[in-house]
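Visitor: Hi, I have a structure open and would like to talk it through. Could you take a look with me?
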Amino acid sequence: ADHNELTGMIPRQIGTSTSLQELWLQSNQLQSPIPTEICDLQRLKILDLSNNNLTELPTNLGDCDSALRISLSANQIDGSLPSTMT
């Protein structure tokens, strides 16, 4: 769903998509908060949320153990990475 001008927030129900392996939501107009349920996706390998309007990260983002690539560039994220990512 990249480059589709999606707006608003990612729904919390995203965590129920247990077979999801790649989530490409770059270049939309998505806003914070990113739901913590996104880390319930045990098969997720790629999470691309770059080029949106995100301003904060969920504190558990570093717990997305299966994710090999997390892209958050070109957002307005303020502050530091969650401690689980450092």
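Visitor: What share of the contacts in the chain with a separation of 6 or more comes from residues 24 or more positions apart?
Guide: Residues 24 or more positions apart account for 39% of those contacts, where contact means heavy atoms within 4.5 Å. This is a predicted model, in which local features need pLDDT of at least 70 and side-chain atom pairs count only at pLDDT 80 or more, while totals for chains, interfaces and linings use all residues. Residues are numbered from 1 along each chain as its sequence is written, and side-chain values use heavy atoms, with hydrogens and water left out.

Visitor: Thanks. How many helices and strands are there?
Guide: The chain has zero helices and five strands, giving the pattern β-β-β-β-β along the sequence. Helices (H or I, at least four residues) and strands (E, at least two) are DSSP runs, numbered from the N terminus.

Visitor: And how compact is the chain?
Guide: Its radius of gyration is 12 Å, close to the 12 Å that the globule rule gives for 86 residues, so the chain is as compact as a globular protein of that length. That radius is taken over C-alpha atoms, and the rule is 2.2 Å times the number of residues to the power 0.38. Along the principal axes, the C-alpha atoms fill a box of roughly 30 × 25 × 20 Å.

Visitor: How much of the chain is buried?
Guide: Of the 86 residues, 41% count as buried. Buried means under 20% relative accessible area, exposed over 50%, and partly exposed in between (1.4 Å probe, protein chains only).

Visitor: Switching topic: which cysteines form a disulfide?
Guide: Cys-39 and Cys-64 do, with their sulfur atoms 2.1 Å apart. The criterion is a pair of cysteine sulfur atoms within 2.5 Å, and the structure holds one disulfide.

Visitor: Where do the two partners sit?
Guide: The pair links distant parts of the chain, 25 residues apart: Cys-39 is in the loop between β3 (29-31) and β4, and Cys-64 is in the loop between β4 and β5.

Visitor: Are those cysteines buried or exposed? And which hand does the link have?
Guide: Both Cys-39 and Cys-64 are buried. Their link is left-handed, with -75 degrees about the S-S bond.

Visitor: What does Asn-60 touch?
Guide: Leaving out residues up to four places away in sequence, Asn-60 touches Thr-36, Cys-39 and Thr-84. Asn-60 lies in the loop between β4 (46-48) and β5 (69-71).

Visitor: Why does Asn-60 count as buried?
Guide: Because its relative accessibility is 18%.

Visitor: Now the backbone. Where is the cis peptide bond?
Guide: The cis bond joins Ser-32 and Pro-33, with omega about 5 degrees. Pro-33 has its place in the loop between β3 and β4.

Visitor: What about phi of Ser-27?
Guide: Phi of Ser-27 is near 60 degrees, a positive value in a residue other than glycine. Ser-27 sits in the loop between β2 (22-24) and β3, and counts as buried because its relative accessibility is 19%. Ala-74 is not a glycine either, yet has a positive phi of about 60 degrees; Ala-74 lies in the segment after β5.

Visitor: One last thing: where is Ser-17?
Guide: Ser-17 is in the loop between β1 (7-9) and β2. Ser-17 counts as partly exposed because its relative accessibility is 32%.
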